[in-house]
Amino acid sequence: VQLQASGGGLVETGGSLRLSCAASGRIAGSYVMGWFRQHPGKEREFVACIRYSTYYADSVNGRFTISRDKAKNTVYLQMNSLKPDDTAVYYCAADRDSWPLRTYGVEYWGKGTLVTVSS
């Protein structure tokens, strides 16, 4: 199984970006998929996940929206009202059972995509 994240970039405060994560290999529609991020010098933290419902970190709730296209095996993270504190490397993740996703024990990780929010 491989997870390929894309969509990162540079955006101004208040702007929007959409991240995509395409899964290849055996990812069943019942897998939990989601996003984490890692600020420079800090531990990786949970952002959002989706299975039959969605779950968000408090810091992004109301600004970020996670969605899933099962036919394309792709998960999206729409990020609105971006702040400089959202600057981080964003990682896609997938797990068979864990709900919500937790940093430790995730079954599959994708490579990160950098999001930079300028002030």
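**Figure 1. Burial and overall form of the predicted protein.** Of the 119 residues in this predicted model, 44% count as buried (buried is under 20% relative accessible area, exposed is over 50%, and partly exposed lies in between, with a 1.4 Å probe and protein chains only). The protein has 11 strands and zero helices (strands are DSSP runs of E of at least two residues, helices are runs of H or I of at least four, and both are numbered from the N terminus). The radius of gyration is 13 Å, close to the 14 Å of the globule rule for 119 residues, so the protein is as compact as a globular protein of that length (the radius is taken over C-alpha atoms, and the rule is 2.2 Å times the number of residues to the power 0.38). Along the principal axes, the C-alpha atoms fill a box of roughly 40 × 25 × 25 Å. Residues are numbered from 1 along each chain as its sequence is written, and side-chain values use heavy atoms, without hydrogens and water. Because the model is predicted, local features need pLDDT of at least 70 and side-chain atom pairs pLDDT 80 or more, while totals for chains, interfaces and linings use all residues.

**Figure 2. Arginine 37 and its surroundings.** Arginine 37 lies in strand S4, residues 32-38. Arginine 37 counts as buried because its relative accessibility is 4%. Its side chain and that of aspartate 86 are joined by a polar contact of 2.9 Å (a pair of N or O atoms within 3.5 Å; within protein, one must be able to donate a hydrogen and the other to accept it, and residues adjacent in sequence count only if both atoms are side-chain atoms). Leaving out residues up to four places away in sequence, arginine 37 touches several residues, including Glu43, Glu45, Phe64, Asp85, Asp86 and Tyr90 (contact means heavy atoms within 4.5 Å).

Figure 3. Arginine 63 sits in the loop between strand S6 (54-56) and strand S7 (64-69). Is arginine 63 buried or exposed? Arginine 63 is buried, because its relative accessible area is 12%. The side chain of arginine 63 makes a polar contact of 2.7 Å with the side chain of aspartate 86. Not counting residues up to four places away in sequence, arginine 63 touches Gln78, Met79, Asn80, Ser81, Leu82, Lys83 and Asp86.

**Figure 4. Contacts across the sequence.** Among contacts between residues at least 6 apart in sequence, 58% join residues at least 24 apart.
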